Amino acid sequence: MRITAEAKIATEQRILESAAKLFTTGGWENTTTREIAAAAGIATGTLFNYFQCKEAIAACLISVALTRAQQEFERRARDQESLEEDLFSFIWTGLKRLRGYRKFLSPAAETIFSPLARLSPEHAGDSIRISHLEAVERIISGHGIAAPLSAVTMQLYWTLYLGVFACWAADTSPNQEDTLAILDQSLKLFIASLRREK
Amino acid sequence: MTNETLSDLIAALPQEDEPDSSTDAGLPAEQLKQILADLALRPVPVGSLHRLWTLGELSAQVALAYFALWIRQWFSDADTRKRRVMESNLRIGLKMFRRLGYLRGAITKLGQAAGNLPHIFPAQIADTLDKLHSEAPPMHFSLIREVLCDELGKAPEEMFAKFEKEAFAAASLGQVHRAQLKTGEQVAVKIQYPGIGRAIDADFRNLGALLFPLRLGKDWEYVKAQFAEIHRMLNQEVDYGREAETMRRASGLFQPEDGILVPRVYEDYSTLRVLTTEYIPGLHLPGFLTTNPSQELRNHFGTKMYKAHFRMYYAYMNYADPHPGNYLFLKDGRLGLLDFGCVQYYGPEEREIVRLCERLIEEDETVLPELLKLVSGISQSDPANETYLGLIKQSRDWMMEPIRSEGPFDFGDESHFKRGLEWFAGMVGSRQVRGHPMYVYFNRCVFGLKALLYRMRAQVDVRALHRRESERWRLAARDS
């Protein structure tokens, strides 16, 4: 029996929704691919046709949320905002979109975003990184700083971003206000470095 | 901005205490420019350890600078010594400015608090630190927007009819934006920097650890109590809910005929970290002075400032932050009071001190032993306390001089201000730390108010004002 593209998309969506629910309620460590498959109403083997591991599922959840955040950021009318403000809005819009996943993002991100995980199946994190950095380059070039930016600059950005991301995922302060402060200060540092380079 | 910063900094010092222009011209200006340029590029660390390290370095520098000064004093004649004290204070103030600006609000507040301990830091440093109230680097609008969304549940463009993206005033803990409500009222929205309240709390413990050597002193318990009071007041300052309540209470103390205005609080637009109040158009002290006001007008506003102080003091609410930015001079002659974060409420013990002091003002010396015991735990008859008793008498005479003088008291009188500085220098030199915690803020209040009136060259009939205000207090006490 041939499976239509629509059915494939629907199954993938079911897997993502079931996984998000299980990660949030049962915890990242305790949730298995078998349980996710059962919750999505498919065989465990079928799940592997879609995702190779639960890290790949989490990476897809993050990727979808960040893509939506990017669209939201691009749609929002901005009026002569500074580079710092634009980057701030871009990053914070993404983190807000991920808010529902905060309970499991911290352990999941440990492997998804680890630079040492590139050869493992979890390297789905790479596509998130590339897509995010491309968006950042567009924002920066929109402020008159010509691309391409050096690898060191982009690495600095990504390192700071991951620091902010890690802080946010585990932030217990009201409304994650500590992350707001760290993001504000990280961007000051990044922009100062960017200006020195250019 | 740099030039304004420098001139404000210098203007905050009494005129005769400015550095000798023949020897030092331009040096602080250059130094400050460099510091500010450097600040703009510096990230602000939030990690507690980083803050501790920077503060540690700062303490060492301050200690070294004072040690060097102490050594030099042995070889100086009186005039040179005075000049060097002032030079040194300014230099240390600049160093602290550099670091405190770097660490932004949290340590800024601690620096200001340190300025309240006269036996540790002289007034000139406190004045320099006070400048940080209006010099902290601003938050950009995207950050402001997120804080408002989190606090008020709506973005500023949804919540307000108009919201100015640029702050019109800065505070060490955040900044103030002008806005208009959908119902038309002009308001000032004070927004706190995220996480600053908890950071202050953590930093205060670090500061206590750094000042550990003081524990070796026999009077450590007094220092500890004063520290606890400062800690309590700082925690109160970051609680905008508490500030709103204080504003409501203060507002109830003044009648329209007093001509003293406390801005109305808009509760639906306020939270623990956002405070929305009525916007009052008016001039701050430097702006007022540039209009070259008549002596009559100076006296008029000086009288209102003293009246506000008395009225709140006798309501057991000490308006403890008489900073130039906290007063507004309105065109119609009214005085606006802003920023009620630093108001010290008096409990039973402090009220008893107020009562005893009142009898002392009436020249009833029989209360002195009881008052001394309550304030500093010392006995009048112990010869070991002679120096301290001398300083207390000096302080009492200076504090009460305007009340005891018949007719308008001239706050522009340099000799009066100098006597205050001499007492202050005596306190610093003798390292006396005994004193009730209420005096940490009471002294700040009186010094601050007299410094403002000195700059205004105001003449105020304090005796008449005191008679009226203390009479109100007695009547209220009798009724209650």
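Predicted model: local features only at pLDDT ≥ 70, side-chain atom pairs only at ≥ 80, totals over all residues.

Biologist: Which residues in α15(B) and α20(B) meet?
Modeller: From α15(B) you have Val354(B), Arg355(B), Glu358(B) and Ile361(B), and they meet His466(B), Ser470(B), Trp473(B) and Arg474(B) of α20(B). Sorted by class, that contact has 3 nonpolar, 2 polar and 3 charged residues.

Biologist: Let's switch to chain A. At what angle do α6 and α8 of chain A cross?
Modeller: Helix α6 (residues 102–112) of chain A and helix α8 (residues 151–169) of chain A cross at roughly 135°, and their axes come within 8 Å. That makes α6(A) oblique to α8(A). Their crossing is left-handed.

Biologist: And what meets what in α6(A) and α8(A)?
Modeller: Arg102(A), Leu105(A), Ser106(A) and Ala109(A) sit on the α6(A) side, and they meet Phe165(A), Trp168(A) and Ala169(A) in α8(A). By class, this contact has 5 nonpolar, 1 polar and 1 charged residues.

Biologist: Now the interface. How much do chain A and chain B bury between them?
Modeller: About 1900 Å², with 50% of it on carbon and sulfur atoms. The contact takes 23 residues from chain A and 20 residues from chain B.

Biologist: Which residues in chain A lose the most area to chain B?
Modeller: Those are Glu85(A), Glu177(A) and Gln185(A), which together make up 27% of what the chain A side buries. Glu177(A) comes up again, as it forms a salt bridge with Arg273(B), where the closest N and O atoms are 2.9 Å apart.

Biologist: How many salt bridges are there across the interface of chain A and chain B?
Modeller: There are 2 salt bridges across that interface. Over all chains, the count comes to 28 salt bridges.

Biologist: What does Arg129(A) pair with?
Modeller: Its partner is Asp126(A), in a salt bridge with an N to O distance of 3.5 Å. Arg129(A) and Asp126(A) are 3 residues apart in helix α7 (residues 124–141) of chain A, so about one helical turn separates them.

Key. Residues numbered from 1 in each chain as written. Chains lettered and ligands numbered in written order. Heavy atoms only, no water. Contact = heavy atoms within 4.5 Å. Helix = DSSP H or I, 4+ residues; strand = E, 2+ residues; numbered from the N terminus. Nonpolar A, V, L, I, M, F, W, Y, C, P; charged D, E, K, R; others polar. Buried area = accessible area lost by both parts, 1.4 Å probe. Salt bridge = Lys/Arg side-chain N within 4 Å of Asp/Glu carboxyl O. Axes fitted to C-alpha atoms, helices over the stretch in contact; angles between N-to-C directions. Parallel < 35°, antiparallel > 145°, perpendicular 65-115°, else oblique. Left-handed = near helix turned anticlockwise from the far one by under 90°.
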